[in-house]
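Reader: I would like to go through the labels used for this structure. Give me the value, the cut-off and the conclusion each time.

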Amino acid sequence: MIVLGCNGFSRVSEFFSERFGATGINKHYLLGHDAAAALLVDGRLVAAVEEERLNREKKTTDFPENAVDWCLKEAGVTFDDVDLFAFPWNWSAEVLRQITDGIGASPLPADTKAQLVGNMGDLYEQVVSHEAILADFEARTGYRPDPAKVRFVPHHLAHATTGYYLAGMQDAAFLVSDGRAERFSTLTGEIRDGRITVFEDTVTGSENSMGTLFSAITRFLGFVPNNDEYKVMGLAGYTGPPSPNPFVEDLLRLHDDGRYSFTKPLRTDDVHSHDALFEEYFGPFEDTLEYTARVSAAAQEMLNVATAHQVAHLGKRSDLDRLLFEGGVALNCLNNTPLFEGSRFEDMQVSFGASDTGITIGAAAHAWLNDPGTGRADIAAAASPVSPYVGPSFGEAAIEEALAGFADRVSVTRLGDDAEVVERVAELLTEKVVIGWFDGRVEHGPRALGHRSILANPGFTDIKDIINTRVKHREPFRPFAPLVLEEQAPKIFDMGRKTSSPYMTFVFPVREEYRDRIPGAVHVDGTSRIQTLTDEGTPRLTALLRKFIELTDVPCLINTSFNVAGEPIVCTPADALNCFLGTEIDYLVLGNHLVTKATA
């Protein structure tokens, strides 16, 4: 069975620009961001890529025309071969009615309610209804799927299935939390034998969305919502939360049934609706590290308290020992470690596709798992953890063609086998240099996991400032993540009950005796968001780290995404060369080619 998952809308960006004034990257605050496509064949993920990697528009909402085309070509199939088409949204007429009824019952002014109801009706008809999605698919691909082959998967169920499928399809309880889906922002439940049970009484409406509130705080602090929340996380490390914390004491309310709410619900029609409240709590906005860090730390504590409350209730409701946390809020890795440590669950996993980057995978997996033709034997045969390295790769011919196009601007040394690449690059990394690393298939998700990465030696105290200012062109307070061998990680980091963290989804304290050895990878609060490596998962990168440790006795390497601020992670060799030449990266490794900038 072949299943194609697809997320993205041709007109959603234009619609929100016209109706709500969302322009530029701010439009990605809205639905359809992280457009992507994924393809499953007999339950196995054979291809998945985000549209931004191909059209070069960060967090694009556009229909994933390029991603769909690449997935089909990668698998050697056509639309006629596809058995099911899965979309990670299910905007039905009943969902629209419930939304408009909610608007009608809200305390908003009558004219505002009328305008919102009209806008939602138009959004439904023009963008998100079943008919609009299929018409968009046909307009962009020239192919109209047979309605009998189409599955519209509710957004949060796609999220839950993403975590379940990528973790190897073992029974688990789950928490999904993000900005909003069709109507809700969070829900909990269980997955047993591939079938989802939602605990309906724990569902939280979008007016009490922690993801949306955190995005509103992100915007209030001068950053881009639904894009820069990690900056708020970084700032939170510079100070502790205020005591008392008004976000926790005055705004957040915890309920006995595991839900939470806000004393002042969010208004989806006004992104500034809580600005006055934020200034009431913290004083007029100040563009200073002290002010932004204080607000960030307060917001972080609120998020931690709310999700811990949900997980505590879930732990009483479910007898399963494994917890999956998915949705955009799950990318808040500063929350994930205390969330797990404070729970009764034996393991907690956050996938590399936890945000909307992964929901095409989840939608496709949900359609496959729930097809009458899929049996337990089929699930068992496909049940193994999924690698994030499922995007495009580029062979020797493609790399050499790209290098030829930059021949007057670069110098190239052709290295031999993997052993020579590892030896040469490890030697370079003993110095204060920055290296672009381009290897194998593109990783899926918002974080570079060692195939499209920038590497550096964390043993230098000023290496973070060098990368932030000369390479990434971003704020100096931003931390960097270290690569560490999985078997060595507990010795260097206080990992509590975790034994691995392969996707940079958990943060751990650096043990005191190692902080001076890896200063470039230690945040101001003494923590690091680590990526653990194994020989099976990333063989060449792991070999590089082993050789680097042998040469330096420094137990980690800095890994940050191969891009500059505001741009997607590089995909093609030409993308990598352009980024290399537009920054102060010292060396570029393209497959087995070592590239330097040509001297005049």
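Predicted model: local features only at pLDDT ≥ 70, side-chain atom pairs only at ≥ 80, totals over all residues.

Reader: What makes Phe-477 count as buried?

Author: Buried means under 20% relative accessible area. Phe-477 is at 11%, so Phe-477 counts as buried.

Reader: Is Phe-223 buried or exposed?

Author: Phe-223 has a relative accessible area of 13%. That is under 20%, so Phe-223 is buried.

Reader: Why is the pair of Phe-223 and Phe-477 called tilted?

Author: A ring pair is described by the distance of the centres and the angle of the planes. Here the centres are 6.4 Å apart, within the 6.5 Å limit, so the rings pair. The planes stand at 55°. Stacked needs under 30 degrees and edge-to-face over 60, so the pair is tilted.

Reader: Which parts does this pair tie together?

Author: Phe-223 lies in the loop between helix H8 (210-220) and helix H9 (229-236). Phe-477 lies in the loop between helix H18 (463-472) and strand E17 (481-485). The pair therefore ties together parts that are 254 residues apart in sequence.

Reader: How many aromatic pairs does the rule give?

Author: The count comes to 22 aromatic pairs. Ring pairs also link a cluster: Phe-63, Phe-79, Phe-85, Phe-87, Phe-137, Tyr-143 and Phe-152.

Reader: How do you know that the charged end of Arg-497 sits over the ring of Phe-340?

Author: The charged end of Arg-497 is 4.1 Å from the ring centre of Phe-340. The distance limit is 6 Å, and the direction must be within 35 degrees of the ring normal. Arg-497 is listed as sitting over that ring. Likewise, the charged end of Arg-344 sits over the ring of Phe-345, 4.4 Å from its centre.

Reader: What makes H12 oblique to H13?

Author: The axes of helix H12 (residues 289-317) and helix H13 (residues 333-341) come within 10 Å and cross at roughly 40°. Under 35 degrees would be roughly parallel, and 65 to 115 roughly perpendicular, so H12 is oblique to H13. The crossing is right-handed. Residues making the contact include Leu-303 and Val-311 of H12 and Leu-334 and Pro-338 of H13.

Reader: Why is Phe-394 called partly exposed?

Author: Phe-394 has a relative accessible area of 24%. Buried is under 20% and exposed over 50%, so Phe-394 is partly exposed. Phe-394 sits in the loop between helix H15 (376-382) and helix H16 (396-405). Phe-438 is among the residues Phe-394 touches. Their C-alpha atoms are 9.7 Å apart, and the two are 44 residues apart in sequence.

Note on methods:
Residues numbered from 1 in each chain as written. Heavy atoms only, no water. Phe/Tyr/Trp six-rings, centres within 6.5 Å; stacked < 30°, edge-to-face > 60°. Helix = DSSP H or I, 4+ residues; strand = E, 2+ residues; numbered from the N terminus. Buried < 20%, exposed > 50% of the residue type's maximum accessible area, 1.4 Å probe, protein only. Axes fitted to C-alpha atoms, helices over the stretch in contact; angles between N-to-C directions. Parallel < 35°, antiparallel > 145°, perpendicular 65-115°, else oblique. Left-handed = near helix turned anticlockwise from the far one by under 90°. Contact = heavy atoms within 4.5 Å. Lists of a residue's contacts leave out its neighbours within four places in sequence.
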